[in-house]
Each structure stands twice: as structure tokens, then as C-alpha cells.
Amino acid sequence: MSNGSSTQKQGNSPAIEVVGLAKRYGDFEAVRGLDFEVKPGEVVGFLGPNGAGKTTTMRMLTGFIPATDGEARIAGHDIFSDATNARRAIGYLPETPPLYPEMTPTSYVDFVARLKGVPRRSRKEAVERALGRCGLLDVRGREIRQLSKGYRQRVGLAQAIVHEPKVLVLDEPTVGLDPIQIREIRLLIQDLAATGGQTVLLSTHILAEVDAICQRVILLDRGRKVLDQSLTELTGGGVSLEEVFTRVMTRDEATEPGAEGEAA
Ligand SMILES: Nc1ncnc2c1ncn2[C@@H]1O[C@H](COP(=O)(O)OP(=O)(O)OP(=O)(O)O)[C@@H](O)[C@H]1O
Ligand SMILES: [Mg+2]
């Protein structure tokens with residue numbers, strides 16, 4: 001809002017736009033002056049070691065916690081001044097989805113659809129579609145507490161996509177799943193981006209996952225962005241992602257404040 005370009009070209013807006021975003025907990029800076037953009041339809045891997053600030057950033061983008069500083073827009077909607085529209089444009093799979101154990105996949109996804117403002121007329125169809133896409137039709141009537149972890153994760157994904165949001169924010173979507181389910185969820189994410197034109201920001205610690213489905217990588221470390229590059233550029237020289245990250249993370253340690261400019 002306070003930056004120079006106040007004219008919003010809705011159609012051309014980045015799917016996600018983050019400027020100087022920060023989160024402080026007391027004296028501790030969990031996210032520090034983060035800037036990045038994600039284009040419509042892009043699948044971006046949001047990476048970084050434990051505690052880097054991935055979940056904190058995702059919570060700010062999805063309106064779960066307030067930012068301390070900075071700006072963010074989702075499909076052109078400011079997360080502060082246009083929060084309702086920003087939230088409707090986004091689907092979020094949290095690190096631990098708040099599922100209600102006594103509800104069924106159908107009733108839970110329907111409940112979220114209502115919260116997200118899916119009109120009554122199309123709600124039933126939207127719920128069916130989300131359950132179908134996540135492979136939940138067979139267990140739709142069972143209580144969530146009876147479902148395996150993998151199926152619960154699918155319910156989490158189904159509620160994230162039920163209102164067909166432009167932007168999907170997925171916090172470690174395949175954690176705890178078996179290899180077959182991991183494959184299926186990856187295919188689903190790719191399919192959502194390819195056929196639904198959805199933009200995906202996804203955090204993961206599995207580099208093979210990034211290789212398989214992401215076009216670009218944003219790497220965080222201690223609340224800061226330390227790398228933002230396309231996968232083609234990153235691994236173009238036949239170097240593995242793992243090697244690239246090890247290099248970036250060790251280089252970063254060598255250039256901590258104080259060490260900078262002291263090379264002989
Ligand atoms: N409510 C809170 N109060 C204080 N510190 C917090 C709070 N939530 C998160 N933090 C701290 O902020 C930092 C970033 O945490 P965050 O959960 O965003 O990391 P992450 O990148 O998602 O890590 P992981 O890979 O382990 O999921 C951590 O040091 C964490 O301890
Ligand atoms: Mg996290």
C-alpha cells in the first residue's frame with residue numbers, strides 16, 4: 001500500500017506478492033524482510049532447514065497470524081486491507097490440519113466450503129469434486145478419527161482445494177505418507193497446476209519432490225531468503241539439488257555479518 005505502484009492490474013497481478021514481510025516474536029525475528037513473487041500457474045518449492053521461517057510465512061500469507069511488518073498480496077488482494085478476498089483466493093494445507101475427528105470427510109469439506117463462501121447451489125458438487133480429486137470417495141462417510149494418517153492428509157488437501165482457490169499454500173503436503181500416496185499427491189498437485197491453472201507454494205524437506213514437481217525454488221535460512229531460482233538454472237550444470245543447497249547453506253555461514261568483506 002505504501003509503495004509507489006498503487007494501480008492494481010488485477011489480471012496481470014502476481015499470484016503471490018510479498019514485500020518486506022517480517023514476523024517478530026518478542027526479540028526473535030522468525031521472518032526478516034522477505035521479498036518474493038510467484039507467477040500465476042507456477043509451482044514453487046519453499047525450502048529451508050528446520051526453523052527457517054517457512055510455516056511462519058505461510059501462516060501470515062493465509063491470514064492465520066498477523067505480520068509484524070511488510071506487505072503481501074494474493075491474486076492482487078492485500079492480505080490486510082482486503083483480507084476476505086485474499087483468504088478466498090487461497091487454499092491452505094497447514095502443517096497439522098485442524099481436522100474434527102468426529103466429522104466425516106464429506107461433512108468437514110462441506111463445512112470448509114461454507115466458510116470459504118462457496119455458494120449453496122454449487123456446494124455439493126464442489127465437495128464431491130474435491131473428495132474425488134483427493135481419492136476420498138470410498139471413505140467419505142467414515143469418521144475422520146478412523147482414517148489413517150495418509151487419508152487424513154488427503155482430507156486436509158480436499159478442504160484446501162474445495163473452493164478452487166487461485167493459490168494453494170501447502171505446508172509439507174506429503175509428510176508421513178507412504179510412497180504410493182506420495183506419488184498420488186504429487187500427481188494431484190501437478191494436475192491442479194496444469195489443468196486448474198492453480199499456483200502452488202509448497203514447503204518440503206524432500207528434494208526429490210522439488211525435482212519432480214517444482215519449477216522454481218525459494219530457499220530460506222534463519223528468516224531470510226538466500227536463494228530464488230528456477231530449477232533449470234539450478235541444476236542446469238548437472239549438479240544435484242542436494243549439492244546446490246549444501247553449497248548455499250555453507251557459503252551462507254561463511255558470510256554471516258562480521259565475516260563479510262574480510263576475505264584476503
Ligand atoms: N509462536 C511462536 N513463538 C515464538 N517463536 C516461534 C513461534 N512460532 C514459530 N517460532 C519460531 O520461529 C522460527 C521459524 O519457525 P517455522 O515454524 O516458521 O519454521 P519452519 O521453516 O516451518 O521449520 P520446519 O522445517 O521445522 O517446519 C523458529 O525458530 C520457531 O521456533
Ligand atoms: Mg514448518
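Let's start with helix 1, residues 54–61: this helix lies across strand 1 (16–25), strand 2 and strand 4, at about 115° to strand 1. Helices (H or I, at least four residues) and strands (E, at least two) are DSSP runs numbered from the N terminus. Angles run from 0 to 180 degrees between N-to-C directions, with axes fitted to C-alpha atoms, for helices over the stretch in contact; contact means heavy atoms within 4.5 Å.

A word on the basis. This is a predicted model: local features need pLDDT of at least 70, side-chain atom pairs need 80 or more, and totals for chains, interfaces and linings use all residues. Residues count from 1 along each chain as written, chains are lettered from A and ligands numbered from 1 in written order, and side-chain values use heavy atoms, without hydrogens or water.

Four strands form an open sheet, order 2-1-4-5, paired antiparallel; pairing takes at least two DSSP bridges. Strand 2 (28–38) and strand 5 (77–78) are the edges. Two bridges join strand 4 (residues 69–74) to strand 5. Arg73 has Asp78 as its bridge partner in strand 5.

On to the domains. The assignment, automatic or from a database, gives domain 1 (13–89 + 173–253) and domain 2 (97–164). Their C-alpha centres lie 24 Å apart. 15 residues of domain 1 contact 13 of domain 2.

What joins them? Two salt bridges cross the interface, a salt bridge being a Lys or Arg side-chain nitrogen within 4 Å of an Asp or Glu carboxyl oxygen. Glu184 forms a salt bridge with Arg154, closest N and O atoms 2.8 Å apart. Helix 6 (179–195) is one of the suppliers on the domain 1 side, giving the largest share, seven residues.
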